[in-house]
Amino acid sequence: MNKPFAEAALLINATESIVLAAHVQPDGDAFGSLLAMATCLKQTGKNVCSTWGEEIRIPPQYQWMPGIDTVVDCRQCTEGDLLITLDCANERRLGMMESSLPGFKSIINIDHHVDNSNFGTINILDFYASATAEIVYQLLRFMNADIDSDVATLLYAGIVTDTGRFQYQNTTAQTLRIATELVEFGVIPNNIFHKIYENLSFSTLKLLARVLDRAKYIAESKLIYSYTLNGDLKETGADMGDTENFIDYLRMAKESNVAAIFKEVPGAGLRVSLRSKGSIDVGAIAREKSGGGHRNAAGATLNIPIADAVEWLSTRIIAQTSASISINE
Ligand code: 5GP
Ligand code: MN
């Protein structure tokens, strides 16, 4: 654990123009951390560029976020004195921004992934934080930033999404303490729940019906999986960004130890999202295919057909299960 807040604060205070970047295909934590940091830095008169390394597209459940309209295309922020990365485990997660890294004098890498590669000049890492937003909150408090209700709302949104609404294993006393403080700073939890979780379009609901209808259970590996195909998006009118929480429905089945959703992404192979309950380390499995993530939540991009991906995944889960059985014997 490494939280050099003082060093980071000094560097931030001494820098006029700062680029902030979240990981590609940003989730609630990436958006919340990025925009909260941007808002506070702007309040102190900094010139801030907030971005991530792919075409800017904002999923409907995050379009309401304060400051979302200030995000700019990453091609406008390719150099500067300081880059702050948020929720990025490694340089690859920066997408198109990766090739711009040499253009920055310093990098502050703020993240909570166990497999973070320490690519920053300053690395602010906390593997016990449920969300990068927890770390950003602590840094902002350390810097005496003005946490108004917008900033609090952004950070709360980051925490609520990365903890599965305070239900995943990463939820700690500190998570709940920070959430309490954020509510004291003006967050209305029900508003955020409504905007993020009751914001599905009807076409997305119909796509969810397809995904649940296709779900399969493999008893040997206790794996429940399903998939979306390119054609689904066209046929239902749903958007890829709308499918972020589908995995949560698959993991609800008591039979599942691991839930997986495979998504055909036009021009970008097959994305897989993985969730596990208990001891199966899906982060380790995802890393075998150049992906990554946490023990219980991970993802990767695969270049194989869905059937082969299922076979691979099931085999790797069984291998981990038998390894842990033999250790415990
Ligand atoms: P999701 O399934 O929601 O896309 O991602 C779950 C977790 O795995 C998140 O913490 C996310 O940052 C991480 N993750 C997803 N895909 C990748 C990937 O391709 N590489 C790495 N390093 N982490 C990933
Ligand atoms: Mn995160």
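These legends describe close-up views of a predicted model. Local features need pLDDT of at least 70 and side-chain atom pairs count only at pLDDT 80 or more, while totals for chains, interfaces and linings use all residues. Residues are numbered from 1 along each chain as its sequence is written, chains are lettered from A and ligands numbered from 1 in the order in which they are written, and side-chain values use heavy atoms, with hydrogens and water left out.

**View 1. The manganese ion (ligand 2) and its donors.** Asp29 (OD), Asp87 (OD), His112 (NE2) and Asp162 (OD) coordinate the ion at 2.2 to 2.4 Å. Donors are N, O and S atoms within 2.8 Å of the metal (3.2 Å for Na, K and Ca); water is not among the atoms, so sites may look incomplete. Along the chain the donor spacing is D-x57-D-x24-H-x49-D. Asp29 in helix 2 (residues 28–43) and His112 in the loop between strand 4 (104–111) and strand 5 (122–125) are 83 residues apart. Helices (H or I, at least four residues) and strands (E, at least two) are DSSP runs, numbered from the N terminus.

**View 2. The disulfide of Cys49 and Cys77.** Their sulfur atoms are 2.1 Å apart; a disulfide is a pair of cysteine sulfur atoms within 2.5 Å. The torsion about the S-S bond is about -50°, so this disulfide is left-handed. Cys49 lies in strand 2 (residues 47–52) and Cys77 in the loop between strand 2 and strand 3 (80–86).

**View 3. Cys74 and Cys88.** The sulfur of Cys74 is 7.1 Å from the closest cysteine sulfur, in Cys77, too far for a bond. Cys88 is in no disulfide, and the nearest cysteine sulfur, that of Cys74, is 12 Å away.
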